[in-house]
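The exercises below each set a task and then work through a solution step by step. Please keep the sequence and the model open while reading them.

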2 protein chains.
Amino acid sequence: MLASRHLNPGLSHQATSTARHLDQPLFLGIDGGGSNCRAWLQNAAGELLGQGQAGAANPVNGYQQALDAIVLAAEQALIAAGLAPTLLSQLVVGAGLAGLHLPSMQQKLATWQHPFARLYLTTDLDIAALGAYGEADGAVIILGTGFSALGSVAGEQLAIGGFGFPINCTGSGSGLGLEAVKLALLAADGLAETSLLTDAVFHGRTQQQLAEVMLKATPGQYAQLAPLVFQCAEQGDTQALALISQAAVFIEKVSQRFLDAGVTQITMVGGIAPRLLPYLPSALQQKIQYQQAAPGLGALSFAKKQWQQEWHQEQQESIR
Amino acid sequence: MLASRHLNPGLSHQATSTARHLDQPLFLGIDGGGSNCRAWLQNAAGELLGQGQAGAANPVNGYQQALDAIVLAAEQALIAAGLAPTLLSQLVVGAGLAGLHLPSMQQKLATWQHPFARLYLTTDLDIAALGAYGEADGAVIILGTGFSALGSVAGEQLAIGGFGFPINCTGSGSGLGLEAVKLALLAADGLAETSLLTDAVFHGRTQQQLAEVMLKATPGQYAQLAPLVFQCAEQGDTQALALISQAAVFIEKVSQRFLDAGVTQITMVGGIAPRLLPYLPSALQQKIQYQQAAPGLGALSFAKKQWQQEWHQEQQESIR
């Protein structure tokens, strides 16, 4: 059963009518995840001019923070290109955001009085797939702060995951962080072994201190503990290895689901992806590639495509 | 290693100096958990006059809601006793609250301008132990919305759990609810089997609809799904049975920790306790008793004890 929860790419809006006609558009691609927001700036000729980065941009876990991160990453990309940050109003932005498959988030984002010339919004999965395959078939697995995946075979789409922390985060950074915290608290209560990993999670804090921090923590803050799990595993910590093994088994299952559906190529993106890949069975590793830049390139091509469609429509209307 | 995170029972404060001298005190015991707040009203002769009940009273998951629940449960107990709700100002209240082992919650509660003559605060574990054993040794395991446990052997205390959702809720109502939601989302993605349980969790909703509700849900709302797990298990659902089995293994481990520390009697309280007990190994079932009323009786005896101490102190001071 193939089901689509792919966002209709008609979710776009412009800031002001005075900025409608751009002779020399600057394109900005945004990859907005639960821990980081990355921006890539290109001119109309397709030259990469600069990159920017800011914090968490999943609107589900902090709406205003996500908007601020998008604007900040855009300003940083302009500055990195030697351009004035005030050129925000000249940017044609394509943004793929985690959490944007939720209708409530789409509705909320549609009301944003953003500072750009144009803003075209879609999901992080959409831009990752576009960056990896263009219009061709294939599957992408995002393994960053959260987990989500999208496969496409002969025009049909199969979406897996993406429902957030803590209900749907197995294998992801936030999922590994949560499991590490659970383990540390149990170890201090004498219900699990203490280890390199549990000591690292406490970092000198008491159970109460750790709990008070984590009960208020965002998924991004849980994901900050994931690198500890990989570091401890590299030092032979059996508990860390067990957590990573659970994550690997899960990603194996997801990959098999795509292969069974007829998907022939799988791309992984996101901060956890390159760290987990070596723990997958070697036969599977050969079928999965890791592409760090895919979402950024996808966001840029999404921005251009939407802009060209709009331009074409305007031409049609002016002829009538 | 025995460590105490037992609350010093000195955390008390009175509302007004005009209400200081009560000739005929009415005692109210409050058992405040993550889903329910229960109140028991007694006169000075120890007669039970009435009971009341209101919603969630764990201040960690909703501070104002917890205060409102305490007052509402108290008013209901007065009404059930045929007394005026305005008699709140005559009540000597002993309250055991989930979440009150956290210092931040103790500090916050200490500033409450409550409507009672006296309010003595302690943890839910403290009143459950007091209700089950008085001053004698023994262990209590609270398995309600959350999980926590406290054992006492020869003056030393061993506290386990109580650090909240989702980091420390294995076996509890919120933990079972979370696992059921995780399973349902995976089943709909073709990564787990669909079953009676996963259908019951969705209750006709889509994955997105379920996710949007649960991402905002309190631990109490997760715990509302736990009865479904037990109902499906009773109908032979293997996934539900597996979740309950995990919870039972955890409680076995906790009980063994107490038995190893020299605890000779274990009492379980909380909404999940009577439902999980039949799934524990029969040898362990014989060592564990379930006492629904223990926390309420403990809260009442806590209120009386604190009141008598205070009265005794005042007498001493007036003699000097």
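Contact, as the word is used here, means heavy atoms within 4.5 Å. The model is predicted, and local features need pLDDT of at least 70, side-chain atom pairs count only at pLDDT 80 or more, and totals for chains, interfaces and linings use all residues. Residues are numbered from 1 along each chain as its sequence is written, chains are lettered from A and ligands numbered from 1 in the order in which they are written, and side-chain values use heavy atoms, with hydrogens and water left out.

**Exercise 1. Determine how chain A and chain B are related, and whether the copies meet through the same surface or different ones.**

Step 1. In general, two copies of a chain are related by a rotation about an axis and a shift along it. Here, with copies superposed by least squares on the C-alpha atoms of residues with pLDDT of at least 70 in both, a rotation of 180° with 0.0 Å of shift along its axis brings chain A onto chain B, at an RMSD of 0.0 Å. That is the relation of a two-fold axis, and in chain A the C-alpha nearest the axis belongs to Pro166(A), 3.7 Å from it.

Step 2. The contact takes 35 residues from chain A and 35 residues from chain B. Because 97% of the interface residues of chain A are also interface residues in chain B, the copies meet through the same surface.

**Exercise 2. Describe the interface of chain A and chain B by its area, its polar pairs and the elements that supply it on the side of chain A.**

Step 1. Buried area is the accessible area (1.4 Å probe) that two parts lose on being put together, summed over both. Between chain A and chain B this area is about 3,100 Å², and carbon and sulfur atoms give 63% of it. On the side of chain A, Ile167(A), Leu191(A) and Gln208(A) lose the most area to chain B, together 22% of what that side buries.

Step 2. Between chain A and chain B, eight residue pairs are in polar contact, both residues at pLDDT 80 or more.

Step 3. Helices (H or I, at least four residues) and strands (E, at least two) are DSSP runs, numbered from the N terminus. In chain A, α2 (103-109), β9 (156-161), α4 (173-188), α6 (207-214) and α9 (238-260) each supply at least two residues of the side that touches chain B. Of these, α4(A) gives the most, with six residues.

**Exercise 3. Which parts of chain A does the salt bridge between Arg118(A) and Glu310(A) tie together?**

Step 1. The side chains of Arg118(A) and Glu310(A) meet in a salt bridge with an N to O distance of 2.6 Å. Arg118(A) lies in strand β6 (residues 118-123) of chain A and Glu310(A) in helix α12 (residues 294-319) of chain A, so the pair ties together parts that are 192 residues apart in sequence.

Step 2. Buried means under 20% relative accessible area, exposed over 50%, and partly exposed in between (1.4 Å probe, protein chains only). Arg118(A) counts as buried because its relative accessibility is 1%, and Glu310(A) counts as buried at 14%.

**Exercise 4. Are Lys305(B) and Glu135(B), partners in a salt bridge, buried, partly exposed or exposed?**

Step 1. The salt bridge between the side chains of Lys305(B) and Glu135(B) has an N to O distance of 3.3 Å. Lys305(B) is in helix α12 (residues 294-319) of chain B and Glu135(B) in the loop between α3 (124-133) and β7 (138-143) of chain B, 170 residues apart.

Step 2. Lys305(B) is partly exposed, with a relative accessible area of 36%, whereas Glu135(B) is exposed at 65%.

Step 3. As for the helix α3(B), nine of its 10 residues are buried, so α3(B) is largely enclosed by the rest of the structure. The buried residues include Leu125(B), Ile127(B) and Tyr133(B), and α3(B) is followed by Gly134(B), whose phi is positive, near 65°.

Definitions and conventions
Polar contact = N/O pair within 3.5 Å; in protein donor to acceptor, adjacent residues only side chain to side chain. Salt bridge = Lys/Arg side-chain N within 4 Å of Asp/Glu carboxyl O.
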